[in-house]
Amino acid sequence: MKYAYYPGCSLDATGIEYDIANKLVARTLGIELVEIPDWNCCGATSAHTTNHLLALALPARNLAIAEAHGFEQVAVPCAACFARCKKTAAAVQASPDLQVQISEVIGMTYAAKSEILSYLDVIGKKTGLDHIKKHVVQPLTGLKIAAYYGCLLVRPVDITQSDDPENPMVMDRLLQVIGAEPIAWDYKTECCGASQVVPVPQLGKKLIHDILKNAASYGADAIATACPLCMLNLDMRQKQINAMFGTQFHIPVFHFTELMALSFGYSAQDFGLAKHFESAESLLERMIGGKGA
Amino acid sequence: MDIIELSAGGTQHQVEIARLASIAGVELSSCYQCGKCSAGCPEGFAMDESPRRIIRLLQLGLLSEALQARSIWLCAACDTCSTRCPKGVDIAALMETLRQEAKRKALIRDKNIHLFHELFLTNVKWFGRSPEVILSAMYNLMSGNLFQDMDAAAHLFKSGKAHFLPRRIKNTQAIRQIFQRCLEKEEPQ
């Protein structure tokens, strides 16, 4: 399977290990990812809270480039980029006038013909769980994982085509296939506040705290995410949360593809486990006898 | 939560409110004030006017009160409200439309949130991408929170998760043109 790949800005920086793991998993499963040439930022929340047209035009340029290169499917690993791309495609599909307007603004034809998929859906829905299972050589047996979806992979459901906006299961099923034990918990689709934690730290940190607390209370050994910003908030900010709330959280957080790469027999050196803030070493030691560490 | 004089509403803002509701794709009269949006809102605890109250303000014609609420800035656009509304009111889209309108009218209820998004877009305009290091540095300097998140900086650089030099796309001209074409009619009124 061949996809245009839109990594987005985070996967080039704070989410770099997500990018590495995505490519390892793609290689193993025989998925070809071709990066969209000269892609730009999708504008994220900043664009869509500022100007409607700008919020559609920035993603449209990337999607138009992908179309011009003949791609029928675009894979988007970041939840925020995914939501912006999907909203753009839906808006353009719904209005021929807007299609003309957007094409004028970006100086390229954008027909909104290609299918846009989150990388989670590429792996969890398009690839086939049986095919994935064949590649598991190191099942993550006994690892209790809270699959965290956050907002933008699931909502709004008419845009994301999520399997269930309140209780999505696509990541849970993937975790099961690689031998881990996805847990039932309450904060699967609660918001982590995304970038709000920068301008309003008191508010953002409470949201992150509540997610960590809920995962811990259900006995999660680790949290799995499918978004670089969710990851950054839950991982990098645990120390800050502990300082603010007097808690003692040390919950390893993984991109779901990192856990898959582990189960496919890659070692932690193959991807970016050392880049995480919360160490997963003792967890991996216990789980797979340190083979991953 | 302030006391609001309901009789101040009336009909004078109805046309304007109808225009904003139509941009957001929302039928304001559909809302029967059940409060499900506000019960599930993750930011609700910090809001001055809950999403339910924002809708009620607009139903009553109290546009300036809605535009001056900090809530429309705090909304993280997580779409929980819109997903759960039993009447299909897209509250998140309404919050977004109100925030865009407040910006146009230079009603900035949360300076730091505004600053963050302005800087974000300035960087995208310059580089075509969002350079996280430059964004954080600029935000810290301009908001006066000089040491915010500095506890994480050492690990970010050491691990290669952050780089000093921004990534820049080749065709930055295309991006500047997109900004120009989208924002040229956007001067504050």
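Is B:Phe157 buried, partly exposed or exposed, and what is its relative accessible area? The tour answers this at its second stop.

This is a predicted model, in which local features need pLDDT of at least 70, side-chain atom pairs count only at pLDDT 80 or more, and totals for chains, interfaces and linings use all residues. Residues are numbered from 1 along each chain as its sequence is written, chains are lettered from A and ligands numbered from 1 in the order in which they are written, and side-chain values use heavy atoms, without hydrogens and water.

Over all chains there are eight aromatic pairs (Phe, Tyr or six-membered Trp rings with centres within 6.5 Å; stacked under 30 degrees between planes, edge-to-face over 60, tilted for the rest). Select A:Tyr6 and A:Trp39 to see an edge-to-face pair, 5.5 Å centre to centre with 90° between the planes. A:Tyr6 is buried at 1% relative accessible area, and A:Trp39 is buried at 2% (buried is under 20%, exposed over 50%, partly exposed in between; 1.4 Å probe, protein chains only).

Next, select B:Phe157 and B:Phe164, which are stacked at 4.2 Å centre to centre and 15° between the planes. B:Phe157 is partly exposed, with a relative accessible area of 29%, whereas B:Phe164 is exposed at 61%.

Then select A:Lys206, placed over the face of B:Phe45 at 4.6 Å from the ring centre.

Finally, select B:Phe116, B:Phe120 and B:Tyr139, which form one aromatic cluster.

Note on methods
Lys NZ or Arg CZ within 6 Å of the ring centre and 35° of its normal.
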